[in-house]
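Thanks for making the time this morning.

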Amino acid sequence: MKLDVNALGTFYRMAREGAGIAAGRLTHMMGVETQVGVTKLNFMRGQEIRRDFEDSTEKVGVRVKLTGAIEGYSVVVFERESAFRVVETLLAEAGPDAEIEGDAGETDEFDEMTESAATEVGHIINSGFIDGWADVLEAVIDVSTPEFVEGVSAEPFFGDIDEAPGDDDFALLFQSRIETVGTEVGFNHYLFPKRESMSKLLERLRTSEGIEYDKLDGFDRMAERGAEEVAETATTLTGIDTSVEIRRLNFVSLEAIPEQVAEEKLVGVAFEFDGMPSGYLLFLFDEESAHEIVDAMVPMEVDEDGFGEMGTSAIKELGNIMASGFLDGWANVLDTTIDHSTPEFIHDMGAAAVDPVIIQLGENQDFAFVFDTVVVADGREFDCEVYAIPDESDLERALNNLDVDRIEDAKTTAEFQEVDTT
């Protein structure tokens, strides 16, 4: 099974189109304004998907079976309280006789009326997504009768679905979020396609030689090896026990990245890298996490805002270590050479922190791979978004030359550049 950026781009457009249709139908049905939040294509292992469900939060969902241009299952999952808010709003529109007694989220069980309402909402959302996909594909996708599901783990939602990935299997999933304005109601959406169905679809959508699917799996594992080196090197240099975990690999539209960045002060470091592949690396921390990093790395009192000369130097040094760990790990696995620039410090509000990089990249490509990453130092957790944005054609050539057997055996020791702090 092979894919390429064009095929992934089509999937992304399918997800955006479907989310837009679903949001419009919810607005019409509930009389409440809705908007599309986040849309991503996630490359995740089964164990990571299951981990998303194991947060002790009760969830409800609606799933349907698909046949036609896409075969498999489509599943919409709400947190229980969010589902009750949606149902309460819907039944309020139907009149006082249909309203839920008591506060939303406090009801212990779904009764026949609330379950029916939740199922109807979930089916409308599923159908919106699927109609959007069918429009983009110019094909027919049939949908089964919706099934209501509830539980506190992944098992009730997709444990009996053959198409769902095993713990170590690498799966392409759609993740979308629609929000009702002012009520903080959202949900996650999962598509579990049959492999044969996905393979046929990818064959139809590819416009290049493409990348073998297991090579993209290798790309994810390659990044994990780079993350391990980041942690080891940071620990050695700072004396602080550090670990780095890559949660998942996302495929997103460049124009959507600024929309997904939190509207708050962000601190980051940007790099340009050159070799096979070439591209850009961007590490972004929220301001609180950046302060934590400075406090951990600088054993003396720094400027009040934490980002004077010493604070800036500390952030740039950590970014330099991380970039070297990632890129040297990739280079060793790919048996190539990748050099990176000196770090450029960023301290700005939300989208403004990423706009300069996005503008440069947007001249040549439309999409990017983003690693959702967490850095833990000395017991403190720093949320860090890693935007690894390789040149599309470079990445395809590099991954096609990738020997996946080298990933576990290749040396990934980083030889990082010292940062000039003068």
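Which residues do ring pairs link into a cluster? The cluster consists of F53, F157, F158, Y190 and F192, joined to one another through ring pairs. Before I go further, please keep in mind that this is a predicted model, and that everything I describe is computed from it.

Let me give the overall picture. The chain has 422 residues, of which 55% are buried, and its secondary structure comprises 13 helices and 16 strands. If we take the contacts with a separation of 6 or more, 77% of them are between residues 24 or more positions apart. As for the surface, the chain exposes about 18500 Å², and 41% of that area is supplied by carbon and sulfur atoms.

Back to the rings. A pair of aromatic rings is described by how far apart the centres are and by the angle of the planes. The count for this chain comes to 14 aromatic pairs. Take Y12 and F367: the ring centres are 5.7 Å apart and the planes stand at 70°, which is over the 60 degrees required, so this pair is edge-to-face. Y12 belongs to helix 1, residues 5–30, whereas F367 belongs to strand 15, residues 367–377, and the pair therefore ties together parts that are 355 residues apart in sequence. Both Y12 and F367 are buried.

The other pair I would point out is F273 with W330, where the centres are 6.3 Å apart and the planes are at 85°, so that this pair, too, is edge-to-face. Here F273 sits in strand 11, residues 265–275, and W330 in helix 10, residues 309–334, so the parts being tied together are 57 residues apart in sequence. F273 counts as buried because its relative accessibility, 2%, is under 20%, and W330 is buried with a relative accessible area of 0%.

Rolling a probe the size of a water molecule over the atoms shows where empty space is left. In composition, the lining of the largest cavity has 9 nonpolar residues, 2 polar and no charged.

The second largest cavity has a volume of about 60 Å³. Its lining includes V60, V62, F78, V86 and V121, and at least two lining residues come from each of strand 3 (59–68), helix 3 (80–94) and helix 4 (112–137). This lining divides into 9 nonpolar residues, 1 polar and no charged.

Leaving aside residues up to four places away in sequence, V121 touches L26, M29, F78, V86 and L90. With L26 the sequence separation is 95 residues, while the C-alpha to C-alpha distance is 7.6 Å.

Methods
Residues are numbered from 1 along each chain as its sequence is written. This is a predicted model: local features need pLDDT of at least 70, side-chain atom pairs count only at pLDDT 80 or more; totals for chains, interfaces and linings use all residues. Side-chain values use heavy atoms; hydrogens and water are left out. Helices (H or I, at least four residues) and strands (E, at least two) are DSSP runs, numbered from the N terminus. Buried means under 20% relative accessible area, exposed over 50%, partly exposed in between (1.4 Å probe, protein chains only). Contact means heavy atoms within 4.5 Å. Accessible areas come from the Shrake-Rupley method with a 1.4 Å probe; for residues, only the protein chains shown count as cover. Rings of Phe, Tyr and Trp (its six-membered ring) pair if their centres lie within 6.5 Å; planes under 30 degrees apart count as stacked, over 60 as edge-to-face and the rest as tilted. Ala, Val, Leu, Ile, Met, Phe, Trp, Tyr, Cys and Pro count as nonpolar, Asp, Glu, Lys and Arg as charged, and the others, Gly among them, as polar. On a 1 Å grid over the protein atoms alone, a cavity is a set of points where a 1.4 Å probe fits but cannot get out, and a pocket is an open set with protein on both sides within 12 Å along at least five of seven lines; lining residues have an atom within 4 Å of a point. Grid points are joined across faces, edges and corners, and a volume is the space filled by probe spheres set on the points.
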